[in-house]
Amino acid sequence: MSLGPALEREFEERVVDSSTLAFRVALSVLRHREDAEDVAQEAFLRAQRAFALLRDRDRFRAWLVRTAFRLALDRLRGEKRRARREDAVAIDAPVRSESVEDAAARAELRARVAEAVDALPEKLRIVTVLAAIQEHDVASVARLLDLPEGTVKSRLHLARKALAERLRWLVSDSGTR
Amino acid sequence: MACERFRDALADVAAGEPAPAGVHAHLASCEACRADLAALRRALAVADAEMAGLLAVEPTTELAVRIRQAVAESDPSPGRRFGWLWPAVAAAATLLVALAVVLGRTPLPEPRVAMDAPRPDPVIPRDFGGTGPEGSAVPADPSPADANAGARGGRVPARSRSVGRHAIPAEPEVLVSPGEAEALLRLVALVHRERLTPPVLGVAGQPSADLAELALIDIKPLEIVPLDPAETSGT
């Protein structure tokens with residue numbers, strides 16, 4: 001590592017602090033654990049090369065989120081030939097004692113939600129993803145994306161409205177009600 | 001029909017906006033819209049739950065180790081440090097290659113044209129992009145026919161020049177693609193042989209309407225200045 005000792009220490013802190021964030025952002029796009037980890041790793045490699053300019057924590061995390069999201073999208077586009085990811089998603093699903101029918105219905109539901117999220121424009125999608133990560137409120141999403149809070153709120157609203165309209169048929173037909 | 005007016009507003013309400021008074025009043029009296037709003041909210045709840053479930057997944061404990069290892073193994077060599085220069089270097093190399101190709105292009109095959117009559121006929125550009133001996137475009141033994149070399153292209157005008165009076169730069173007289181140059185040479189040769197008249201210039205197998213641009217090519221005789229022995233001897 002070409003960073004000096006001080007930078008190395010700071011970078012190590014960022015790895016501890018932000019690797020899960022990078023992983024989750026990538027996972028929201030790829031829905032595949034190993035691929036998401038690969039993307040997180042690649043994002044950190046790139047971050048290391050530019051670390052002298054990214055020492056500020058907020059700045060680093062914002063850069064990392066954008067890079068991981070972009071890398072994940074690129075990877076997904078490059079893998080369109082591969083099978084859809086429902087099976088991969090199931091890897092991450094909690095193990096339950098549910099019937100085959102229930103499991104199938106759950107997988108179907110998950111796939112439809114994934115499709116609805118994927119269909120969002122990228123600007124709305126990244127806001128939705130970050131807001132869905134547990135510890136993120138509007139203010140922290142705004143910081144991560146370097147956007148005014150009002151913009152984040154507006155985008156989040158548009159995204160949620162689109163998701164509700166797109167998925168309404170699903171709850172109407174699936175007997176979830 | 002009244003419910004249709006509230007469809008968009010219901011989605012706004014489901015997404016978290018407070019219901020405007022009109023929507024509120026309508027919901028109070030419309031069971032179908034209440035059910036619709038409930039469905040929208042359930043849909044969002046499902047989406048939220050799925051997203052939260054997916055994004056609560058923890059990476060493997062090896063991820064941080066992998067990252068550290070990959071970073072440590074990454075090569076901070078000068079080549080990598082100056083990797084950002086590669087696009088500029090590649091662009092410069094491409095430019096140089098293109099320049100070399102343009103300057104070193106060999107002359108196109110020249111159609112044989114009867115040049116016996118000393119009339120101000122349309123002329124055949126002899127050296128489309130080519131160079132003469134020693135890198136000059138001046139023919140070794142400029143004959144009167146050679147002195148006619150040059151033409152005015154339809155799109156890129158060539159410079160008139162006085163052969164023998166000035167050195168001819170080693171650059172294309174008319175900047176056209178090789179295919180266009182060849183077609184132009186053939187057409188001019190045919191005109192010169194009086195087998196075609198300029199208004200009906202064309203290429204066999206192609207309707208002349210497609211060649212309106214070619215037909216408009218203005219081929220003018222070049223100024224021919226007799227060689228001045230005093231000047232040429234010095235060059």
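Colleague: Which residues of α3(A) are buried?

Modeller: This is a predicted model, in which local features need pLDDT of at least 70 and side-chain atom pairs count only at pLDDT 80 or more, while totals for chains, interfaces and linings use all residues. Residues are numbered from 1 along each chain as its sequence is written, and chains are lettered from A and ligands numbered from 1 in the order in which they are written. A residue is buried if 20 or more other C-beta atoms, placed from the backbone, lie within 10 Å of its own. In α3(A) the buried residues are A:F60, A:R61, A:W63, A:L64, A:V65, A:T67, A:A68, A:F69, A:L71 and A:A72.

Colleague: Against which helices do the buried residues of α3(A) pack?

Modeller: An α-helix has 3.6 residues a turn, so residues three or four places apart point the same way. Here the partners are α1 (5–30), α2 (33–49), α6 (122–132) and α7 (138–145) of chain A, where contact requires C-beta atoms within 7 Å.

Colleague: At what angle do α2(A) and α3(A) pack?

Modeller: Two packed helices are described by the angle between their axes and the distance between the axes. For α2(A) and α3(A) the angle is about 130 degrees, and the axes lie 9 Å apart.

Colleague: Which residues of α2(A) meet α3(A)?

Modeller: They are A:D35, A:V39, A:A40, A:E42, A:A43, A:R46 and A:A47, and the residues they meet in α3(A) include A:W63 and A:R75.

Terms used:
A residue is buried if 20 or more other C-beta atoms lie within 10 Å of its own, exposed if 12 or fewer, and partly exposed in between; C-beta atoms are placed from the backbone. Helices (H or I, at least four residues) and strands (E, at least two) are DSSP runs, numbered from the N terminus. Two residues are in contact if their C-beta atoms, placed from the backbone, lie within 7 Å. Axes are lines fitted to C-alpha atoms, for helices over the stretch in contact, and angles run from 0 to 180 degrees between N-to-C directions.
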